[in-house]
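Please read them alongside the sequence and the coordinates.

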Amino acid sequence: MVKILLVEDNEMNRDMLSRRLERRGYEVIIATDGLAGVEAAVSNKPDLVLMDMSLPIIDGWEATRRIKGNPVTAAIPVIALTAHAMAGDREKAMEAGCDDYDTKPIELPALLDKIARLTGG
């Protein structure tokens, strides 16, 4: 079973997305801030991280840099999830180390395709 770490501080977004992913057979681990996301990536070694970019404590960009900068978690693919659809936001996410980028509101079929491509399943 593919294990996904969902780092999302908004309870409604977190609940909706985690339920939809679990219905499709994914195991979902939750973190509600950037620092907890980094710690969960190290302790749970998920197959993929869905990273909100606007997070408390440390933002998603910094959390991604820490995940990608740690040899234990560097190979874990990270998909940035953001309501920021401004020019340059995709590039900023990729520069932080994200492997892909998706905007909110989430279009589940497109996100599932990205998850499958990055996890091989």
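1. Residues 24 or more positions apart account for 60% of the contacts in the protein that have a separation of 6 or more, where contact means heavy atoms within 4.5 Å.

2. On provenance, this is a predicted model, in which local features need pLDDT of at least 70 and side-chain atom pairs count only at pLDDT 80 or more, while totals for chains, interfaces and linings use all residues. Residues are numbered from 1 along each chain as its sequence is written, and side-chain values use heavy atoms, with hydrogens and water left out.

3. The protein has five helices and five strands, and from the N terminus on its elements run β-α-β-α-β-α-β-α-β-α. Helices (H or I, at least four residues) and strands (E, at least two) are DSSP runs, numbered from the N terminus.

4. The five strands form an open sheet with parallel pairing, in the order 2-1-3-4-5, two strands being paired if DSSP finds at least two bridges between them. Strand 2 (27–31) and strand 5 (100–103) are the edge strands, each of which pairs on one side only. On average, neighbouring strands of this sheet are turned by 20° against each other, direction ignored.

5. Within the sheet, strand 3 (residues 48–52) and strand 4 (residues 78–82) run parallel and are joined by four bridges. Leu50 has Ile79 in strand 4 as its bridge partner.

6. Axes here are lines fitted to C-alpha atoms, for helices over the stretch in contact, and angles run from 0 to 180 degrees between N-to-C directions.

7. Where does Leu118 sit, and which residues is Leu118 in contact with? Leu118 is found in helix 5 (residues 108–119) and, leaving aside its neighbours within four places in sequence, is in contact with Leu48, Pro77, Ile79, Asp99 and Asp100. Its relative accessible area is 21%, so Leu118 counts as partly exposed, a class lying between buried (under 20%) and exposed (over 50%), for a 1.4 Å probe and protein chains only.

8. Overall, buried residues make up 45% of the 121 residues in the protein. The C-alpha trace spans about 30 × 30 × 25 Å along its principal axes.
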